[in-house]
Amino acid sequence: MRIRIKLPDRPGSLGTVARTLGAAGADIVQVVVLERAAGRAIDDVTVSWPDGVSLDVLCDALYSVRGVVVDGVWRTSEAPGVFSDVEVVGQMAANPPNGVVALVEAVPKIFGADWAAMLTPDGAVVHASWQAPDPVVPPPFPASAGRAFTGEDGVRYACVPVGGATQTLLLARVAAPPFHRTEIERLIQLATAAEAVLGVSTAA
C-alpha cells in the first residue's frame, strides 16, 4: 500500500508516524519526501499491509497522530525502488526496438500507477501495459508539456510527451491522490532519457 500524508515538518514527526504504522501492523518499505514548505511536509509512505486486515485500522492509526492528514491510500503493484529509472533506461539501451514496451511496462511500478500507455497524437495506442483496460480509452490530454490532471471519471492521470509531440506517455491511478509535481518532474526526466537512448527527436 502507498499512503500520502501531510505532517508537520519538524524533528520527530516522521518517527512518530513510523512507530504508529508499526504498532498498527504495517511494515514500512520506503518513504519518499515529495514536498517541504511552510512548516509542512508531504510524504509518500509505502508499506506492506497484511491481507484481510481492514484499511480502516491503518487510517485510524494515522489520524490519531497529531497534525497528520491522510491524503490517500492506494495499492501499488510493486514496492518503489524495486524497479528503478536507471534499470529501465538500461533495458531500453540494450534493446532499442523494444524500448517503448520496456518503458511503458516499467512506469506503473516506478510511479505507483495502475497502468500506462504510449499514445499517438490522435489517441491511438502504441503500447499499453498489461494492467491497462482493454480497450484503452484515453481521456483528452494536453500534449505540450508534462502535467497531472484528473479525468471526468475521477481517475488521476499524468502525461508527458516523448519525442517532441510524436507520442505521449500516459499514466493512470484509480482511487488515489493526484500525481505530485515532484513525480511529474521525475517522469519528464525519464522521458528525456528515453528520447536520448532511443534516438528520437526532442524538438517540440
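Predicted model: local features only at pLDDT ≥ 70, side-chain atom pairs only at ≥ 80, totals over all residues.
Local features need pLDDT of at least 70, side-chain atom pairs count only at pLDDT 80 or more, and totals for chains, interfaces and linings use all residues. Residues are numbered from 1 along each chain as its sequence is written, and side-chain values use heavy atoms, with hydrogens and water left out.

**Helix α1**

- α1 spans residues 13-24, twelve in number. Helices are DSSP runs of H or I with at least four residues, strands are runs of E with at least two, and both are numbered from the N terminus.
- From first C-alpha to last, α1 reaches 17 Å, close to the expected 16 Å (1.5 Å times one less than the number of residues).
- Ser13, Val17, Thr20 and Leu21 are its buried residues (under 20% relative accessible area; exposed is over 50%, partly exposed in between; 1.4 Å probe, protein chains only).
- Those residues line one face of α1, because they fall within an arc of 100 degrees seen down its axis (taken from the directions from the helix axis to the C-beta atoms).
- On the other side, Arg19 and Ala23 are exposed.
- Cover for the buried residues includes β1 (2-8), β2 (27-37), β3 (40-48) and α2 (55-63).
- Gly25 follows α1, with a positive phi near 110 degrees.

**Nonpolar cores**

- The largest core has 23 residues (buried Ala, Val, Leu, Ile, Met, Phe, Trp, Tyr and Cys joined through side-chain atoms within 4.5 Å).
- Leu103, Val107, Phe111, Leu169 and Leu171 have the most contacts inside this core (contact: heavy atoms within 4.5 Å).
- α4 gives the most to this core, seven residues.
- A second, separate core of 16 residues includes Met1, Val17, Ala41 and Val68.
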